[in-house]
There are 2 protein chains.
Amino acid sequence: MHQTAAKTAAALSPLSIIQGQSLFAAMDDRLQEAFAQASQIQQLQKGAVLFLQDDPAEWFYVIISGWVKLFTETLDGNEAVIDMLSAGHMLGDSAILEDGIHTFGAATVEPVTLLRVPCNLLKSAIDRDHTVALAMLRSLSRHRKRQTREIESLTLQNASQRIGCFMLRLCHPGQAEPIVLTLPYDKSLIAARLGMKSETFSRALNKLRSETSIVIKGTVVTIPNLEDLSGYVCSACSSEFPCADLG
Amino acid sequence: MHQTAAKTAAALSPLSIIQGQSLFAAMDDRLQEAFAQASQIQQLQKGAVLFLQDDPAEWFYVIISGWVKLFTETLDGNEAVIDMLSAGHMLGDSAILEDGIHTFGAATVEPVTLLRVPCNLLKSAIDRDHTVALAMLRSLSRHRKRQTREIESLTLQNASQRIGCFMLRLCHPGQAEPIVLTLPYDKSLIAARLGMKSETFSRALNKLRSETSIVIKGTVVTIPNLEDLSGYVCSACSSEFPCADLG
DNA sequence: CGACGTATTGACTCGGCTCAAAACCTGTGG
DNA sequence: CCACAGGTTTTGAGCCGAGTCAATACGTCG
């Protein structure tokens, strides 16, 4: 898993990371250099907090390896997991458009490598450079779509369907059956991510097992028949299976 | 309510509507004129469909008066109300960033007056004009914030709290107690908007009545004590009462 | 007054949560 | 190699919130 980071460590420079991000792809070389100069690669342990809700946003982050969770905490101490992000995703950048205040918190859930980039640099790049603003628009829009699906999922799908939906999103379109995949992080985290308790997750998984043909053994999931699963899951959703997951 | 539209009908020109929108505020006069030229004012009956999910997006809309509901329908025939919008709000514009396909449906829930604007005009304005792109970014960002609150609300608040939250958002910050307000649309619609059935709404409203000091009589709500209500509602949320409602 | 649509109430079911106990892993040290 | 400690996952029993279906009340408009 994290060997990926170690293996390619030699090839890892801020510049190369930046060039791999669609947000930066449209920038000219000088601007990319400027970003690379101002950024640092960070290695973090499990459970490290990148920032908290209402913090002033100094940095945003690009994930190089590992999983990061976005969350909010309620006054009475509950936590809602808003999203889980992995390699290649950016986070915290949207604070630029929110008066420079983070509207959610972010923490690692395992050892994570990431690139830390100053917000003000991005802010001025957007203000100055039209192509950057357009790239940011595309990024925000993708985000919006993701969130809309989230709302739909929470309102219309039950626990088992949400779990099935989660698994379908781990499948790549052209894959041949039977599809074998590994759950990307702890079940209790998946549960939180899907807005349920881990006990409920466990039971709902059993139900999914009995209602479809999938097989779960530890963290390994086998899907013998995609149609069977998607039939069960997508009936309570507005779009059918290959419901374009948005990077 | 709708007299507002009738009264000011004389002053209503596409141009004046457009100039009242923050998205268009930054445009120069010529561009505003071009938009006004290409737009039309429409009067619609209750239940009119503006567009459906997956429709190619030809137009987007600015609401002049009345309420419009945004929704998605699942394959098995359920409907989720994503948002309810009223005068001054835009809708359908985000399709520009989604390959020109609407990602939700929109329909009126009462007689509505609106301005219909061609999408391609906005699309090219964003592509060409940096200030327009920035305005669009701000608009999308506001939208994103709204959605995030939605997700939080659905995961963390129970039915009564969501109803209370809905009422708090109808209050204006500086208002003196007791606050008297009128529900903006049918209770069954509010229920759908808050992701619950109308029976549940009715019961949850009773509960809210018994747990706080609010008084409901038909469509009129009286809040004798804001703190009392917000204490009940906001404990299950990440931000406290005057949780900036975003236009 | 009667009729229709909206809102409420009642009785029941079911899904998901809580609390508590057992089972399962995984890594550590003897 | 085994035993054990720590965490994670699963299972069990009971509860509560929200959905369903059906019946009743309310309001408003003709």
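A: Start with how the two copies meet. The model is predicted. In it, 100% of the interface residues of chain A are also interface residues in chain B, so the copies meet through the same surface.

Q: How many residues of each chain are in contact?
A: Contact here means that C-beta atoms, placed from the backbone, lie within 7 Å. By that rule, 39 residues of chain A touch 39 residues of chain B.

Q: Which elements of chain A give two or more residues to the side that touches chain B?
A: They are strand E4 (68-73), strand E5 (79-85) and helix H6 (130-156) of chain A. H6(A) gives the most to that side, with 19 residues.

Q: What classes of residue make up the side of chain A that touches chain B?
A: That side has 15 nonpolar, 15 polar and 9 charged residues.

Q: How should I read the relation between two copies of a chain?
A: In general, two copies of a chain are related by a rotation about an axis and a shift along it. In this model, chain A is superposed on chain B by a rotation of 180° with 0.0 Å of shift along the axis, and the RMSD is 0.0 Å. That is the relation of a two-fold axis.

Q: Into which domains is chain A divided?
A: Chain A has domain 1 (3-154) and domain 2 (157-234). The centres of domain 1 and domain 2 of chain A, taken over C-alpha atoms, are 27 Å apart.

Q: How many residues does each domain of chain A give to the contact?
A: Domain 1 of chain A gives 6 residues and domain 2 of chain A gives 9 residues. On the domain 1 side, E5 and H6 of chain A each supply at least two residues. By class, that side of domain 1 of chain A, where it touches domain 2 of chain A, has 5 nonpolar, 1 polar and no charged residues.

Q: Now the DNA. Which residues are closest to DNA strand C?
A: Of the 16 residues that surround DNA strand C, the closest are Asn158(A), Ala159(A), Thr200(A), Lys187(B) and Ser188(B). The largest share, 5 residues, comes from H9(B). By class, the surface near DNA strand C has 3 nonpolar, 7 polar and 6 charged residues.

Q: How many residues surround DNA strand D?
A: There are 17 residues around DNA strand D, and the closest are Lys187(A), Ser188(A), Ser202(A), Asn158(B) and Thr200(B). Two or more residues of the surface near DNA strand D come from each of helix H8 (187-193) and H9 of chain A and H9 of chain B. H9(A) gives the most to this surface, with 6 residues. The residues of the surface near DNA strand D divide into 4 nonpolar, 7 polar and 6 charged.

Q: How do I read the packing of two helices?
A: Look at the angle between the axes and at how far apart the axes are. The axes of helix H7 (residues 159-168) of chain A and H9(A) come within 8 Å and cross at roughly 80°. Angles of 65 to 115 degrees count as roughly perpendicular. H7(A) and H9(A) are therefore roughly perpendicular to each other.

Q: Which residues of H7(A) meet H9(A)?
A: They are Ala159(A), Ser160(A), Ile163(A) and Gly164(A). Their partners in H9(A) are Thr200(A), Phe201(A), Ala204(A), Leu205(A), Lys207(A), Leu208(A) and Glu211(A). The residues of the contact of H7(A) with H9(A) divide into 6 nonpolar, 3 polar and 2 charged.

Q: At what angle do H7 and H9 of chain B pack?
A: Helix H7 (residues 159-168) of chain B and H9(B) pack at an angle of about 75°, with their axes 8 Å apart. H7(B) and H9(B) are therefore roughly perpendicular to each other.

Q: Where is the peptide bond to Pro178(A), and is that bond cis or trans?
A: A cis peptide bond joins Glu177(A) and Pro178(A), with omega about -5°. Pro178(A) lies in the loop between H7 and strand E9 (179-182) of chain A. In chain B, the peptide bond from Glu177(B) to Pro178(B) is cis, with omega near -5°.

Key: Residues are numbered from 1 along each chain as its sequence is written. Chains are lettered from A and ligands numbered from 1 in the order in which they are written. This is a predicted model: local features need pLDDT of at least 70, side-chain atom pairs count only at pLDDT 80 or more; totals for chains, interfaces and linings use all residues. Two residues are in contact if their C-beta atoms, placed from the backbone, lie within 7 Å. Helices (H or I, at least four residues) and strands (E, at least two) are DSSP runs, numbered from the N terminus. Ala, Val, Leu, Ile, Met, Phe, Trp, Tyr, Cys and Pro count as nonpolar, Asp, Glu, Lys and Arg as charged, and the others, Gly among them, as polar. Domain bounds come from an automatic or database domain assignment. A residue is near a molecule or strand if its C-beta atom, placed from the backbone, lies within 6 Å of it. Copies are superposed by least squares on the C-alpha atoms of residues with pLDDT of at least 70 in both. Axes are lines fitted to C-alpha atoms, for helices over the stretch in contact, and angles run from 0 to 180 degrees between N-to-C directions. Angles under 35 degrees count as roughly parallel, over 145 as roughly antiparallel, 65 to 115 as roughly perpendicular and the rest as oblique.
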